[in-house]
Amino acid sequence: MNQHLILRVVAKILIPLIALFAFYVQFHGDYGPGGGFQAGVILAAAVVLYALIFGLQAAKDAIPPSWVRIGMTTGVLLYGGTGVATWFLGANFLDYTIFAPESTHSAGQHYGILAVELGVLCTVASVMVGIFYAFGSRQPELSDEDW
Amino acid sequence: MDITVPVLFMNISLMAMLVIVAVAIVRLRSLFAVVMLQGVYSLVSAVWFVSLDAVDVAFTEAAVGAGISTVLMLSAMLLADRTAKPIPVGKNLGSFFVVVITGLAMFYAIADMPAYGDPHSAANAGVGMAYIEATREQVQVPNVVTAVLASYRGFDTFGETVVIFMAGLGILLLLGLNGNAGKWQAQPNGQAIGGPGPSITPEVKTKPKPVKKTTAASKRKVAVKSKAKPKAKPKSKSKSRAKAGGKS
């Protein structure tokens with residue numbers, strides 16, 4: 001992959017922007033199109049692009065496979081844990097209003113949606129990266145004539 | 001709802017492009033081109049979703065359909081063949097009839113479809129309109145889709161997250177996070193256990209930890225079921241593998 005100078009330079013500029021855009025989509029999901037699913041996929045796409053350009057091993061050094069396993073379980077636990085937290089506060093499962101019952105602008109709902117979307121982001125991004133690692137590790141690196 | 005002529009023209013041309021891309025996907029033998037055309041198909045349908053004002057769906061289609069799934073299909077294709085073998089026409093006749101009959105049934109059903117944007121359609125008349133009206137007071141987020149997805153239908157979204165988690169878990173159990181599932185070998189108590197992998201990689205050989213664990217476990221239980229062992233093994237092995245990968 002060393003001779004693809006243009007690809008490497010462009011990818012180096014693009015990857016941080018892709019990751020930044022993922023977080024924009026994540027936290028702007030209340031106001032415009034977007035949310036955890038889309039942000040997770042975009043974040044995973046940044047890692048996948050890095051792996052395609054700089055090699056799978058470099059990507060595994062940056063985002064170790066153990067993070068993937070931890071991330072996918074953390075996301076589900078965060079989502080489910082939000083529901084359990086509402087239980088303990090005395091409301092129904094995933095009834096976020098209980099987080100700030102006095103609020104006049106539905107702050108509780110906003111907190112709940114934020115937590116839940118973070119869980120979705122964790123799981124989706126980790127699973128996508130994990131699937132790519134699983135498939136990508138079973139074959140040799142792309143040879144130059146495949147490009 | 002009135003659709004202006006340019007929008008109608010654009011919708012028709014987008015649908016025509018979808019049909020052309022679909023026919024090209026069926027006709028082509030080069031799997032690389034097929035995967036790329038699937039990405040094109042996803043992008044064109046994303047544009048069409050935008051024209052239908054379903055921006056969130058379009059976003060998802062563009063990110064998942066054109067982005068990630070193209071990469072995943074490519075990496076799956078690299079494990080398989082680059083070209084598809086031509087299938088004789090006789091073998092395709094059965095599926096051809098299924099497609100024709102299903103297509104005719106769909107054309108028959110078009111007459112019962114509600115008009116685009118019909119306020120009395122089933123999707124708009126029931127709980128959908130109630131969500132749109134209540135979001136302004138109950139959730140107070142500008143994007144109603146987010147409110148419905150995360151708050152009103154939070155339980156559904158929880159299910160979807162768990163489905164994605166299960167998909168990832170299944171892939172990891174089948175292939176292994178490092179692609180090493182089915183290739184591990186070990187000799188606890190002197191007997192060989194493991195798949196028909198060609199050789200133990202030196203990385204695994206230098207790790208005495210998992211072997212020790214099982215011998216300790218087998219000492220505790222004198223009668224160890226031979227079935228239980230291979231299940232316990234890959235877990236500890238992949239763990240040590242992942243750790244080694246993370247350190248290097």
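I take helices (H or I, at least four residues) and strands (E, at least two) as DSSP runs, numbered from the N terminus. I placed Ser45(B) by this rule in helix H2 (residues 31–51) of chain B.

**Conventions.** I am working with a predicted model, in which local features need pLDDT of at least 70 and side-chain atom pairs count only at pLDDT 80 or more, while totals for chains, interfaces and linings use all residues. Residues are numbered from 1 along each chain as its sequence is written, chains are lettered from A and ligands numbered from 1 in the order in which they are written, and side-chain values use heavy atoms, with hydrogens and water left out.

Entry 1: I looked up the burial of Ser45(B) first, with buried meaning under 20% relative accessible area, exposed over 50%, and partly exposed in between (1.4 Å probe, protein chains only). Ser45(B) is buried, at a relative accessible area of 7%. For its contacts (heavy atoms within 4.5 Å), I set aside neighbours within four places in sequence and found Leu18(B) and Glu61(B). I then turned to Ala22(B), which belongs to helix H1 (residues 5–27) of chain B. Ala22(B) is partly exposed, with a relative accessible area of 29%. Its C-alpha atom is separated by 7.4 Å from that of Tyr41(B), 19 residues apart from it along the chain.

**Entry 2: confidence in chain B.** I checked pLDDT, the predictor's confidence in each residue, from 0 to 100. Chain B averages 77, and 71% of the residues score at least 70. Among the elements of this chain, H2(B) has the highest mean pLDDT (93) and helix H11 (residues 228–247) the lowest (42). I noted that the pLDDT is below 50 over residues 197–248 of chain B, a stretch with 44 contacts in the model beyond near neighbours in sequence.

**Entry 3: chain A overall.** I counted 5 helices and 0 strands in chain A, and the order of elements from the N terminus is α-α-α-α-α. Of its 147 residues, 48% count as buried. Among contacts in chain A with a separation of 6 or more, 60% are between residues 24 or more positions apart. The chain exposes about 7,000 Å², of which carbon and sulfur atoms supply 69%; I note that these accessible areas come from the Shrake-Rupley method with a 1.4 Å probe, and that for residues only the protein chains shown count as cover.

**Entry 4: the largest nonpolar core.** I use "nonpolar core" for a set of buried Ala, Val, Leu, Ile, Met, Phe, Trp, Tyr and Cys residues joined through side-chain atoms within 4.5 Å. The largest one has 49 residues, and Val124(A), Phe132(A), Tyr133(A) and Ile68(B) touch the most other members. I listed the elements that give two or more residues: from chain A, helices H1 (5–27), H2 (36–54), H3 (56–62), H4 (65–88) and H5 (107–136); from chain B, helices H3 (55–79), H7 (144–152) and H8 (154–175). H5(A) contributes the largest share, 14 residues. Where does the core lie relative to domain 1 (1–86) and domain 2 (126–175) of chain B? Both domains give residues to the core, so it lies between them; the bounds come from an automatic or database domain assignment.

**Entry 5: helix H6(B).** Which residues of helix H6 (residues 127–138) of chain B are buried? I found Tyr131(B), Ala134(B) and Thr135(B). Viewed down the helix axis, they fall within an arc of 125 degrees, so they line one face of H6(B); the arc is that of the directions from the helix axis to the C-beta atoms. These buried residues pack against H7 of chain B. Glu133(B), Arg136(B) and Glu137(B) are exposed on the other side. Gln140(B), in the loop between H6 and H7 of chain B, has a positive phi of about 60 degrees although it is not a glycine. I recorded Gln140(B) as partly exposed, with a relative accessible area of 29%.

**Entry 6: Thr86(A) and Leu94(A).** I located Thr86(A) in helix H4 of chain A, buried at a relative accessible area of 0%. Not counting residues up to four places away in sequence, Thr86(A) touches several residues, including Asn92(A), Leu94(A), Tyr96(A) and Phe99(A). The C-alpha atoms of Thr86(A) and Phe99(A) are separated by 7.4 Å. Leu94(A) sits in the loop between H4 and H5 of chain A and counts as buried at 5% relative accessibility. Its phi is near 65 degrees, a positive value in a residue other than glycine.
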